[in-house]
Amino acid sequence: MELKSAVLAVAALCLALALLLPRVALSQRLATAEAPAPAPAPRHVDLAELLSLAGPYGTFLGYLTKTGVITTFQSQANDTAAGAPGVTVFAPEDSAFAAVGGGAALSNLTADQLRTLMLCHGVPRYHPLSSFSALAASGPAPTFAGGQQYAVNVTDAAGTVRIQSGWATAKLVSSVYSTSPVAVYALNRVLLPEQIFPTAPKVAPVPAPAPAPVHGDKANDGAPGAGEHGASDVKSSSCRVGAGRLLAILAVMVSSFLMI
């Protein structure tokens, strides 16, 4: 009789645990699901990465890195505080650099001259495409090189934007990136301020650019977190099946002992 009582007590305890465990697991899942996700950290645009991946801007990026101007541009891009002016970068394509005497005109520059030339390709203010008409009417735009002598003139004729500096008038051929506070635009020529080039460098005609490849977005394999929800559902189903089997076994045990 004492054995029956002990068995019945153990069976009752097991039944209680079998009924309680799924509820505990469910409450834990609900608590996890209801917990607010942490706010994402602000992400700054990496100009070096952007130029290396966006297209034919390797020569420009090489000069920016060599002169340290990439750090100047990046510091301005990283300032995302309210009211920060932002940055606009004019990036000549590789063919534009090749057209300047095969690059010989730039190789003869001193380190300071080369750095100033690269600074002339950046404006310390964010300018979306929609602002170029007003920018053209407002007069020369100052660059990172400083001083009126290194400012660039902007023209906007029927939607065709050109940037003029010294001996060069470059056409803005595409928008590489434009989201406040950073804008990067592709140019078909290198800007050639007269303060750096006293005489006009020999510039070859720039060939027509090849059509840009179309990059399609990769299709999402599934909604974010789908795998996690699927795993949670499997665990929940396994828990319910295990609890059901346990209840059936305990019921048989209890019935067997009661019949003795």
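User: How many residues lie between strand 4 and strand 5, and which residue in the turn has a positive phi?

Analyst: The model is predicted, so local features need pLDDT of at least 70 and side-chain atom pairs count only at pLDDT 80 or more, while totals for chains, interfaces and linings use all residues. Residues are numbered from 1 along each chain as its sequence is written, and side-chain values use heavy atoms, with hydrogens and water left out. Helices (H or I, at least four residues) and strands (E, at least two) are DSSP runs numbered from the N terminus, and two strands pair if DSSP finds at least two bridges between them. In this structure, strand 4 and strand 5 form a hairpin with 2 residues between them, and glycine 166 in the turn has a positive phi of about 65 degrees. Strand 4 covers residues 160–165 and strand 5 covers residues 168–179; their pairing is antiparallel, over 4 bridges. Within this pair, isoleucine 163 stands opposite alanine 170 of strand 5.

User: Is the peptide bond from serine 180 to proline 181 cis or trans?

Analyst: The bond from serine 180 to proline 181 is cis, with omega near 15 degrees. Proline 181 has its place in the loop between strand 5 and strand 6, where a hairpin joins the two strands through 2 residues. Strand 6 (residues 182–187) runs antiparallel to strand 5, with 6 bridges joining them; serine 174 stands opposite alanine 186 in strand 6.

User: What is the order of the strands in the open sheet?

Analyst: The open sheet of 6 strands has the order 2-1-6-5-4-3, with mixed pairing. Strand 2 (122–123) and strand 3 (153–157) stand at the edges with a single partner strand each, so one side of each is left without a neighbour in the sheet.

User: At what angle do helix 3 and helix 4 pack?

Analyst: Two packed helices are described by the angle between their axes and the distance between the axes. Axes are lines fitted to C-alpha atoms, for helices over the stretch in contact, and angles run from 0 to 180 degrees between N-to-C directions. Helix 3 (residues 58–67) and helix 4 pack at about 95 degrees, with axes 5 Å apart. These helices are therefore roughly perpendicular to each other (65 to 115 degrees). In contact (heavy atoms within 4.5 Å), Leu61, Leu64, Thr65 and Thr67 of helix 3 meet Val69, Ile70 and Phe73 of helix 4.

User: Which residues line the largest cavity?

Analyst: A cavity is a set of points on a 1 Å grid over the protein atoms alone where a 1.4 Å probe fits but cannot get out, and lining residues have an atom within 4 Å of a point. Grid points are joined across faces, edges and corners, and a volume is the space filled by probe spheres set on the points. The count comes to 1 cavity of 30 Å³ or more, and the largest has a volume of about 30 Å³. Leu47, Leu51, Leu64, Ile70, Phe73, Val89 and Val184 line the largest cavity. Helix 2 (47–54) and helix 4 (69–78) are the elements that give two or more residues to this lining.

How values were computed. On a 1 Å grid over the protein atoms alone, a cavity is a set of points where a 1.4 Å probe fits but cannot get out, and a pocket is an open set with protein on both sides within 12 Å along at least five of seven lines; lining residues have an atom within 4 Å of a point. Angles under 35 degrees count as roughly parallel, over 145 as roughly antiparallel, 65 to 115 as roughly perpendicular and the rest as oblique.
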